Amino acid sequence: MIDHWYTLDWHIVGPALLAGLLVLATHVPLGMEVLRKGIVFIDLAIAQIAGLGVIAADALGWEPQGWGVQVAAATAALLGAALMTWLERRWPDVQEALIGALFVLASSAGILLLAGNPHGGEHLKDLLVGQILWVTDAQLLSMATLTAALLALWFGARQRLGQAGFYVVFALAVTASVQLVGVYLVFSSLIMPALAVRHASRRWQLPLAWGLGAAAYLAGLALSAVLDLPSGAVVVVAMAGLGLALARVLPSARH
């Protein structure tokens with residue numbers, strides 16, 4: 001196994017790590033807001049709704065990496081965000097349950113659309129666990145541009161966004177990332193760092209969460225390459241393990 005570390009192909013791992021860092025850039029602050037609001041299922045629901053848009057575009061025969069698929073995914077996510085904004089105003093007492101129901105409905109609709117596709121199982125797997133090891137330069141460039149715009153909007157006009165604005169930013173961030181890293185890594189990147197640092201002092205929460213996420217992506221991608229295991233799943237496990245370790249240290253560090 002030691003010899004495998006020396007043969008690690010950073011031409012593959014490097015772009016994948018960059019993709020993970022771009023995802024973390026927006027998902028860590030958004031995840032902390034999601035945790036504060038207590039609407040944890042929102043990321044899964046919007047990610048799945050964006051994925052439903054991708055599946056629908058594929059069912060129509062559109063080019064997998066074309067603009068049509070991007071527009072379909074973004075439109076689906078924005079419609080989902082608009083629906084969640086309305087549901088929050090209409091039934092705030094059962095908001096989390098309704099978001100969970102939307103996730104199940106979007107998942108079921110995606111499975112039904114893929115039922116007649118001979119490659120449906122493969123498409124579903126790609127949607128859930130992603131293809132982070134095979135990101136292209138074009139994907140990274142478009143993701144970097146969107147990330148810069150969303151971060152500027154979030155940190156520059158966060159107080160003026162309101163609830164509807166938050167859902168729009170969230171939907172756009174998740175739409176891009178779910179096609180890059182898959183639903184599982186989207187959820188992990190949003191929730192696990194935020195959970196791990198919730199006991200840290202407020203000024204350190206964001207840098208600690210970003211650092212945790214970066215370490216998890218680096219460790220997970222390297223281990224998956226060395227052990228020849230699915231990269232997305234290994235990164236999720238690495239993030240959970242590092243998050244638990246950090247969470248155990250932080251309470252005692254405050255005293």
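**Close-up views of an all-helix predicted model**

**View 1. Helix H7 supplies the largest share of the lining of the largest cavity, namely four residues.** The model shown in this and the following views is predicted. Helix H2 (10-37) and helix H7 (137-181) each contribute at least two residues to this lining. The residues concerned are Thr-26, Pro-29, Leu-30, Leu-150, Leu-151, Trp-154 and Val-169. Sorted by class, the lining comprises six nonpolar residues, one polar residue and no charged residue. The volume of the cavity is about 30 Å³, and one cavity of 30 Å³ or more is found when the whole structure is searched.

**View 2. The fold as a whole contains 10 helices and zero strands.** Read from the N terminus, the order of elements is α-α-α-α-α-α-α-α-α-α. The protein has 255 residues, of which 45% are buried.

**View 3. A salt bridge joins Arg-36 and Glu-33.** The closest N and O atoms of the pair lie 2.6 Å apart. Side chains of opposite charge can pair when their charged atoms come close. Arg-36 and Glu-33 are separated by about one helical turn, because they stand three residues apart in helix H2. The two partners may be compared by their accessibility. Arg-36 counts as exposed, at 55% relative accessibility, whereas Glu-33 is buried, with a relative accessible area of 7%. One salt bridge is found in a search of the whole structure.

**View 4. Ala-194 of helix H8 is shown together with Leu-30.** Helix H8 covers residues 183-196. Ala-194 has a relative accessible area of 4% and is therefore buried, the limit being under 20%. Along the chain, Ala-194 and Leu-30 are 164 residues apart, yet their C-alpha atoms are separated by 9.1 Å.

**View 5. Leu-83, Trp-86, Trp-91 and Val-94 form a nonpolar patch on the surface.** Together, these four residues have about 360 Å² of accessible area. Trp-86 belongs to helix H4, which spans residues 67-90. With a relative accessible area of 46%, Trp-86 is partly exposed.

**View 6. Asp-228 has a positive phi of about 60° although it is not a glycine.** Most residues other than glycine have a negative phi. Asp-228 is located in the loop between helix H9 (202-227) and helix H10 (231-253). The relative accessibility of Asp-228 is 69%, which is over the 50% limit, and the residue therefore counts as exposed.

Notes
Residues are numbered from 1 along each chain as its sequence is written. This is a predicted model: local features need pLDDT of at least 70, side-chain atom pairs count only at pLDDT 80 or more; totals for chains, interfaces and linings use all residues. Side-chain values use heavy atoms; hydrogens and water are left out. Patches are made of residues with over 30% relative accessible area and no salt bridge: like charges are joined within 9 Å, nonpolar side chains (Val, Leu, Ile, Met, Phe, Trp, Tyr) within 5 Å. Accessible areas come from the Shrake-Rupley method with a 1.4 Å probe; for residues, only the protein chains shown count as cover. A salt bridge is a side-chain nitrogen of Lys or Arg within 4 Å of a carboxyl oxygen of Asp or Glu. Buried means under 20% relative accessible area, exposed over 50%, partly exposed in between (1.4 Å probe, protein chains only). On a 1 Å grid over the protein atoms alone, a cavity is a set of points where a 1.4 Å probe fits but cannot get out, and a pocket is an open set with protein on both sides within 12 Å along at least five of seven lines; lining residues have an atom within 4 Å of a point. Grid points are joined across faces, edges and corners, and a volume is the space filled by probe spheres set on the points. Ala, Val, Leu, Ile, Met, Phe, Trp, Tyr, Cys and Pro count as nonpolar, Asp, Glu, Lys and Arg as charged, and the others, Gly among them, as polar.
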